[in-house]
Amino acid sequence: MKRLVPLAVAAVMFAGGCSAAAPDAPAGSSAPSVSPTAAAPSPTPSFSPYQLMETAMITDELLLSVVKQPGRQERAVDDHWWKGFPAGIVTACGERPASSKADADDALTHVRSWILAADPSAENFRVVGQEVLVLPKEKAEDVVAKAESLLANCKSYREDKVTHTKTAIRDLDMKSTAYRATAACFINSADKKVHCSMYFGRGSVAVVINIYGLDQKSTEALAIDVKSAVELQLAQLPA
């Protein structure tokens with residue numbers, strides 16, 4: 001939304017360009033200099049927890065605009081938490097907590113996921129999952145730092161009797177001065193597919209993105225596309 005010109009600035013512009021000419025000053029005297037009133041700085045936008053969550057969430061339209069790989073897009077989940085996973089907690093390396101368990105009940109959370117496929121009958125589909133957590137007390141940057149520490153020491157983990165082994169990231173760059181971020185990719189021992197998890201923290205908002213793909217190269221490429229959507233949303237949040 002465009003900002004209106006501050007009233008003080010508008011008044012100065014109007015006086016300078018549209019007012020009648022001032023009478024000449026008496027000989028030997030100088031007219032007093034008048035400095036325009038400086039515009040007051042715009043206040044920092046204030047967000048409620050729900051506004052923070054909604055602003056951080058990726059929309060269908062935004063995801064469609066950033067994903068370069070062709071195919072259909074279908075929303076699969078739109079709920080308050082992932083079923084079967086602890087609600088209100090940022091997890092890493094499986095279900096290891098990176099955020100406070102004590103504050104989990106007060107954390108505002110929402111999850112959303114999409115299935116991406118080349119055609120309606122394709123079996124080799126990909127999945128994009130997003131979890132947004134508005135933390136009641138912790139700084140999201142600190143939570144992401146904890147997740148980064150957990151992932152650094154995580155060689156593998158088991159989930160539903162399947163082993164996920166960490167693989168080296170090749171192209172996914174998580175460096176930023178606007179937010180704290182980290183990522184890790186794992187290969188599934190059952191079907192050899194790859195998933196990459198990205199963690200972002202800005203202010204009180206933590207965002208976790210999970211990308212499930214066919215191989216390391218295409219999964220990272222999709223992660224890079226989705227990362228650009230997350231960055232657009234994070235830029236709208238207070239630090």
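Two strands are taken to pair if DSSP finds at least two bridges between them. In this predicted model, strand 1 and strand 4 (residues 108–117) pair in the antiparallel sense over seven bridges. Within this pairing, valine 77 sits opposite serine 113 of strand 4.

Stepping back to the whole sheet, eight strands are arranged in the order 1-4-5-10-9-8-7-6, forming an open sheet with antiparallel pairing. Strand 1 (72–79) and strand 6 (156–159) are found at the edges; each has a single partner strand, so one side of each is left without a neighbour in the sheet. From one strand to the next, the twist averages 20°.

Helix 2 (residues 49–56) touches strand 4, strand 5 (126–134) and strand 10 (205–213), and its direction makes about 160° with that of strand 5. Helix 5 (residues 216–234) also packs on the sheet, with strand 7 (162–167), strand 8 (180–188) and strand 9 (194–202) among the strands it touches. The direction of helix 5 makes about 20° with that of strand 9.

The largest nonpolar core contains 33 residues, and Ile58, Phe200, Val207 and Ile209 have the most contacts inside it. Contributors of at least two residues each include helix 2, helix 3 (60–66), strand 4 and strand 10, while helix 5 gives the most, with six residues. Leaving aside neighbours within four places in sequence, isoleucine 209 is in contact with residues including Ile58, Cys196, Phe200, Val226 and Val230. Apart from this core lies another, of 19 residues, among them Leu135, Ala147, Phe186 and Tyr199.

Note on methods. Residues numbered from 1 in each chain as written. Predicted model: local features only at pLDDT ≥ 70, side-chain atom pairs only at ≥ 80, totals over all residues. Heavy atoms only, no water. Helix = DSSP H or I, 4+ residues; strand = E, 2+ residues; numbered from the N terminus. Axes fitted to C-alpha atoms, helices over the stretch in contact; angles between N-to-C directions. Contact = heavy atoms within 4.5 Å. Core = buried A, V, L, I, M, F, W, Y, C linked by side-chain atoms within 4.5 Å. Buried < 20%, exposed > 50% of the residue type's maximum accessible area, 1.4 Å probe, protein only.
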